[in-house]
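Biologist: Please walk me through this model in plain words. I will ask about one feature at a time.

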Amino acid sequence: NNPAPPVNALAPSAPLAPARKPPPTPMTKPTDSGAPSIARIVKDDGRFSSLETALEKAKLVDTLDADGTFTLFAPTDLAFSKLGPNVINALFKDTTDLANLLTYHVLDGSSLYKKDLNDGAVVNMMNGATVRV
């Protein structure tokens, strides 16, 4: 059993497959390290179309497409569907709240893997919130 190569995104309820290196598009590009950006992984993985739309509406694609180290706790389409259409439509209309909610799911400046999640660990999210695991 060879462990999957690390990627710069974490989706606890939906582990991402090792990312392939697709050609760059205007929406996303590979990072300088050659690893796909979070924006690329979200775009290429069929479980995250709602997240892709949300990132576009909140104007966060460029942020998550940039070079840097991020960990994304990526809500799947199933997670979005549990919010219901009224909540989703309201979030998508208020891009400030949407950006705040999405950046609450991003750890900026470090890679965090499932093995690193210990009970009681404290992490700082991109929106400034502190979260205890």
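**Burial, bridges and cores**

Biologist: Is Glu52 buried or exposed?

Modeller: This is a predicted model, where local features need pLDDT of at least 70, side-chain atom pairs count only at pLDDT 80 or more, and totals for chains, interfaces and linings use all residues. Residues are numbered from 1 along each chain as its sequence is written, and side-chain values use heavy atoms, leaving out hydrogens and water. A residue is called buried under 20% relative accessible area, exposed over 50% and partly exposed in between (1.4 Å probe, protein chains only). The relative accessible area of Glu52 is 15%, so Glu52 is buried.

Biologist: Which residue forms a salt bridge with Glu52?

Modeller: A salt bridge here is a side-chain nitrogen of Lys or Arg within 4 Å of a carboxyl oxygen of Asp or Glu. For Glu52, the closest N and O atoms of the pair are 3.6 Å apart.

Biologist: In which helix do Asp44 and Arg40 both lie?

Modeller: Helices (H or I, at least four residues) and strands (E, at least two) are DSSP runs, numbered from the N terminus. Asp44 and Arg40 are 4 residues apart, about one turn of the helix. Asp44 is partly exposed at 28% relative accessibility, whereas Arg40 is buried at 6%. The helix they share is H1.

Biologist: How many residues are in the largest nonpolar core?

Modeller: A nonpolar core is a set of buried Ala, Val, Leu, Ile, Met, Phe, Trp, Tyr and Cys residues joined through side-chain atoms within 4.5 Å. Val42, Leu51, Leu55, Leu72, Phe92, Leu98 and Leu102 touch the most other members. Elements giving two or more residues to this core include helix H2 (49-57) and strand E1 (70-72).

Biologist: Why are the buried residues of H6 on the same side of it?

Modeller: In H6, the buried residues are Leu98, Ala99, Leu102 and Thr103. The arc is that of the directions from the helix axis to the C-beta atoms. These residues lie on the same side of H6 because their arc covers only 120 degrees.

Biologist: Which elements do those buried residues of H6 pack against?

Modeller: The protein has 6 helices and 4 strands, and one of the strands, E2 (106-108), is among the partners. The buried residues of H6 pack against H2, H5 and E2.

Biologist: What is the phi of Lys59?

Modeller: Most residues other than glycine have a negative phi. Lys59 is not a glycine, yet its phi is positive. Lys59 lies in the loop between H2 and H3 and counts as exposed at 68% relative accessibility. Its phi is about 55 degrees.

Key:
Contact = heavy atoms within 4.5 Å.
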